[in-house]
Amino acid sequence: MDAIVASGVSKVFRLHTAQADSLKDRVIHLGRSKRRDFTALHELDLTIPQGQTLGILGHNGSGKSTLLKCISGILRPTTGQVQLRGRIASLLELGAGFHPDLTGRENVYINAAFLGISRKEIERRFDSIVDFAELDTFIDEPVKHYSSGMYVRLGFAVAINLDPDILLVDEVLAVGDEVFQLKCINRIKQLQAAGRTIVFVTHNADTVREICDRAIVLDHGRVIADGEPGESIRVFREHLHAHSHESASTVHSAADGASITSVTVQHAGQSHGHSYMTSGDALTIEIAYESAEPIDDAQLEIELLDRLGRTVFRTDTDRLGTPLGRLDGKGTVSFSTGSVPLLDGDYALSVRLSDRRHDRLLDLREGEQSLSVVSHQRAAGYTAINFDVAHVYAEGPAQP
Amino acid sequence: MSTTGGASTELRIISAKRTIRQHVLDIISFRELLATLVHKELKVRYKNSSIGFVWSMIQPLFLLTIYGIAFSILGQGFRAFPVWLMSGLVVWTFVNTAMTTSTESITANAILVGKVNFPRAVLPLATLGSAFVHFCLQLGTLTAVLIAVRHHIDVAYVWLLPLAVLALGLFLAAMGLILSVANVYARDTQHLLNLALIAFFWGNPIIYEYIRLQGWLSHHHLPTWLPLTNPVTSVVIIFQRALYGTDHVTGRNLLPPDGPLWYLRNIAIIAVVSIALLAIALRFFDRHEGNLAETL
């Protein structure tokens with residue numbers, strides 16, 4: 001049986017050139033309204049059988065979040081329809097709708113009511129929710145006293161403990177500490193094992209490889225690949241490469257104001273004709289950008305991920321104490337280090353450009369570049385730490 | 001883990017349009033959310049206040065006392081003028097609160113609307129619900145005070161009150177649905193509404209008498225049935241008739257000298273109009289609901 005059937009789903013957004021948020025603007029622009037339609041999804045057909053875990057890949061503005069919102073019903077398709085079988089829960093809404101003055105307990109009931117869950121049922125599941133969120137006695141405190149981690153954990157706990165038939169996940173696994181993330185992944189795997197349908201939207205190809213049975217790639221609101229995760233990830237990466245230039249002129253990037261035009265990696269290995277580098281070598285990551293409009297407070301973030309998509313290292317220009325400041329036009333930013341203390345392995349490099357003032361992601365490059373590191377260390381793990389061993393013989397065994 | 005059999009086989013369809021019937025059914029299936037939100041709103045309002053909802057009840061009591069003192073000094077109006085005033089004002093407060101809060105109900109919950117799927121109509125309806133709870137508390141106190149001071153309430157008209165409130169509720173629900181969506185598209189709606197309500201207050205015979213309004217209309221050769229096209233007026237005058245208890249004071253008419261059936265007819269008219277309006281409002285709301293998350 002199919003859990004989700006989307007047939008001929010299109011979503012058209014009406015873009016107002018000048019944000020006409022007030023009546024005055026509307027009246028002024030009435031005659032010469034500069035509206036243009038932006039089609040986020042083009043007559044998309046998608047059938048997801050019960051029990052499948054589907055990954056949706058695509059760059060920013062490809063329509064993947066719009067698709068997820070149409071499936072969840074937050075948005076409704078302009079034409080076409082989505083048929084759903086079973087209870088749906090989404091991890092889009094972590095803690096949305098929590099009222100700061102009310103206690104965790106009261107908020108759980110409200111949150112569940114928004115998901116259409118009866119009070120009776122939530123009472124039955126209450127203990128497992130509190131347990132999962134690791135809140136204990138804090139559950140009777142107003143949520144304004146919660147740390148952001150507790151807040152997100154409670155939101156996640158509600159959504160995931162409702163035993164949904166269909167679970168929608170949108171890039172939320174980056175929240176919380178690592179122990180909690182692992183717990184979330186495990187719970188998702190439990191749901192998988194129980195035959196539930198899961199739809200995953202992500203930038204992270206490794207997550208897709210680890211969790212999904214099938215992956216589709218969206219581009220400009222159309223499905224350009226559909227099949228085995230490995231195959232779809234390949235298409236996704238090739239597409240990112242091929243269209244890295246074109247994407248700078250797409251509607252979305254233009255609206256976002258700035259994009260990453262290239263990411264290059266330089267290390268000592270290259271000068272010897274190797275594709276790999278040796279642990280302890282110097283490394284330079286060069287990122288070229290282009291901005292169509294001035295961005296006042298930009299930030300670049302680099303991240304190295306292992307094969308399972310786990311973060312090995314992450315930093316950004318602000319944390320490094322060299323804020324990017326204002327972007328206007330073209331430029332290059334380089335991250336250099338004299339030594340990369342990594343152990344053997346392939347590490348995917350991802351780069352994010354964001355606008356901190358408006359808290360939005362401008363562009364993202366994930367998995368286009370990777371580092372192959374060869375290490376001569378006799379060790380396991382990620383980091384190359386040189387230990388010298390010294391053994392001082394203090395005393396012989398006590399003589400009888 | 002077990003799922004209820006009904007839930008797993010239930011088929012839901014998401015498309016651009018749905019019928020009014022389906023829309024209403026969707027809202028009904030979220031009635032528990034509606035109740036939770038009404039409850040939440042009351043709870044949040046009285047958080048950290050020691051006597052809680054008693055504040056709602058104190059207000060009419062307080063106003064009655066203040067008006068009583070003020071008008072005994074000013075000597076305005078007629079016998080028991082504060083009672084007359086309060087009978088209309090309690091209805092007006094309901095209308096005013098319901099309209100202003102429901103207009104802002106969607107914009108105030110922008111984050112939720114962008115992230116969670118539920119019938120959005122629940123938001124304006126929940127604010128209407130909580131305004132209704134306040135209204136009941138205030139009406140209850142007012143009635144208790146009137147009984148305590150042995151004011152004569154006309155029992156022959158009291159049975160009309162629930163019907164009047166029901167019809168008014170339908171009208172306010174329809175207005176709430178339309179205005180809450182309008183406010184998403186143009187935030188001026190809430191400001192315009194505030195001004196409109198001030199003007200609208202004087203369009204209702206609350207401070208003055210219905211008969212005076214009729215007299216003015218006939219003097220200017222305007223149809224005297226005009227005020228009855230205003231649903232709030234129809235409700236206000238039945239409250240005045242029942243709570244104030246008489247249609248005349250020392251030979252001077254305040255309200256038309258008709259029996260309960262005349263009032264019933266008025267209520268029936270506004271009920272029919274409100275139901276039609278509600279159907280239009282539900283349809284209008286449905287057409288825009290799918291885009292609210294994006295517009296906000």
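His221(B) sits in the loop that joins α11 (210–219) to α12 (231–244) of chain B, where helices are DSSP runs of H or I with at least four residues, strands are runs of E with at least two, and both are numbered from the N terminus. The model is predicted, so local features need pLDDT of at least 70, side-chain atom pairs count only at pLDDT 80 or more, and totals for chains, interfaces and linings use all residues. Residues are numbered from 1 along each chain as its sequence is written, chains are lettered from A and ligands numbered from 1 in the order in which they are written, and side-chain values use heavy atoms, with hydrogens and water left out.

**Exercise 1.** Describe the backbone angle phi and the exposure of His221(B).

*Solution.* Begin with the general rule that most residues other than glycine have a negative phi. His221(B), although not a glycine, has a positive phi of about 55 degrees. Next, its relative accessible area is 74%, and therefore His221(B) counts as exposed (buried is under 20%, exposed over 50%, partly exposed in between, with a 1.4 Å probe and protein chains only).

**Exercise 2.** Describe how domain 1 and domain 2 of chain A meet.

*Solution.* First, locate domain 1 at 52–234 and domain 2 at 255–374 of chain A, bounds that come from an automatic or database domain assignment. Then, taking contact as heavy atoms within 4.5 Å, five residues of domain 1 of chain A touch ten residues of domain 2 of chain A. Finally, 29 Å separate the two domain centres, taken over C-alpha atoms.
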